[in-house]
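Subject: Structure handover

Hello,

Here is the structure I promised to pass on. Please open it first, then read the notes below it.

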Amino acid sequence: MRDTAAQSTLQMIQAKVRTPELRRAEAKRFAKFATVGFAGFLTHFTIVNVLVQVVGMTETMSNPFGFVTAVVQNFFLNRRWTFPESRQRDAGFQLFQFFVVSVIGLVLNQIVFTVVHSLLEPFWRSLVASERLGHALSYNFALCTAVGVVLFWNFAANRMWTYRGLGRHSHAQE
């Protein structure tokens, strides 16, 4: 599933930028977006595990809290670093756009997370002697899978809507 999403994202980038120079600049932008996304993943992962392991919340209930926190963090980091020229636009409207894309991403994330966790939990529990450790391995693997899948949706949708038209004249500065 991830390979198809990666190919779709790559095709979208290639369709938007026809010259090799612009492709390199857009690939660099995707790398920055993925780096910001990794920071968001660490935030998301930490919040989910604290809520589950310390607070006692279910993983399905804790996942949206981690996701929303990571989205807010990612918006500000992307606005500052990945798409710095976007600061010329209204932050409130951009946050709204980023939020809409992220809500769709959250729905996709929850579907992938729930399906992967439900299907693979018996496998993880059979691998280790501890039922609790098997459960933790299962939901953390599901979380990693969901975040990886949604990364491609988030980049493509934000690039085409939230940050549409940005960077056409600023690639030389990057």
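**Ground rules**

This is a predicted model, in which local features need pLDDT of at least 70 and side-chain atom pairs count only at pLDDT 80 or more, while totals for chains, interfaces and linings use all residues. Residues are numbered from 1 along each chain as its sequence is written, and side-chain values use heavy atoms, with hydrogens and water left out.

**The whole chain**

The protein chain has 5 helices and 0 strands. Helices (H or I, at least four residues) and strands (E, at least two) are DSSP runs, numbered from the N terminus. From that end, the order of elements is α-α-α-α-α.

Of the 174 residues in the chain, 45% are buried. Buried means under 20% relative accessible area, exposed means over 50%, and partly exposed is in between (1.4 Å probe, protein chains only).

Contacts also tell us about the chain. A contact means heavy atoms within 4.5 Å. Among contacts with a separation of 6 or more, 74% join residues 24 or more positions apart.

**Confidence**

pLDDT is the predictor's confidence in each residue, from 0 to 100. Its mean over the protein chain is 85. A value of 70 or more is reached by 84% of the residues.

Where is confidence lowest, and where is it highest? Helix 1 (residues 2-16) is lowest, at a mean of 62. Helix 4 is highest, at 93. Take care with residues 169-174 too: pLDDT stays under 50 there. The model has 9 contacts beyond four places in sequence for that stretch.

**Helix pairs**

Some terms first. Axes are lines fitted to C-alpha atoms, for helices over the stretch in contact, and angles run from 0 to 180 degrees between N-to-C directions. Under 35 degrees counts as roughly parallel, over 145 as roughly antiparallel, 65 to 115 as roughly perpendicular and the rest as oblique. A crossing is right-handed if the near helix is turned clockwise from the far one by less than a right angle, and left-handed if anticlockwise. For residue classes, Ala, Val, Leu, Ile, Met, Phe, Trp, Tyr, Cys and Pro count as nonpolar, Asp, Glu, Lys and Arg as charged, and the others, Gly among them, as polar.

*Helices 2 and 3.* Helix 2 packs on helix 3 at an angle of about 150 degrees, with the axes 8 Å apart. The two are therefore roughly antiparallel. Helix 2 passes helix 3 in a right-handed crossing. Their contact has 12 nonpolar, 13 polar and 3 charged residues.

*Helices 3 and 4.* The axes of helix 3 (residues 59-82) and helix 4 come within 9 Å and cross at roughly 145 degrees. This crossing is right-handed as well. Helix 3 contributes residues including Phe67, Val71 and Phe75. Helix 4 contributes residues including Leu95, Phe98 and Leu106. By class, the contact has 9 nonpolar, 10 polar and 2 charged residues.

*Helices 4 and 5.* What angle do the axes of helix 4 and helix 5 make? Helix 4 (residues 91-127) and helix 5 (residues 131-162) cross at roughly 150 degrees, and their axes come within 7 Å. That makes helix 4 roughly antiparallel to helix 5. The crossing is right-handed. Its contact residues divide into 23 nonpolar, 13 polar and 3 charged.

**Residues to click on**

The contacts listed here leave out neighbours up to four places away in sequence.

- Thr43 lies in helix 2 (residues 20-55). Its relative accessible area is 18%, so Thr43 is buried. Thr43 is in contact with Thr69, Ala70 and Gln73.
- Asn49 is also in helix 2. Asn49 is buried, at 15%. Its contacts are Val54, Tyr139 and Asn140.
- Ser62 is in helix 3. Ser62 is buried, at 0% relative accessibility. Ser62 touches Val48, Leu51, Val52 and Met57. From Asn49 to Ser62 is 13 residues in sequence and 8.2 Å between C-alpha atoms.
- Ala91 is in helix 4. Ala91 is in contact with Phe75 and Arg79. The C-alpha atoms of Ala91 and Phe75 are 9.8 Å apart, and the two residues are 16 places apart along the chain.

Best wishes
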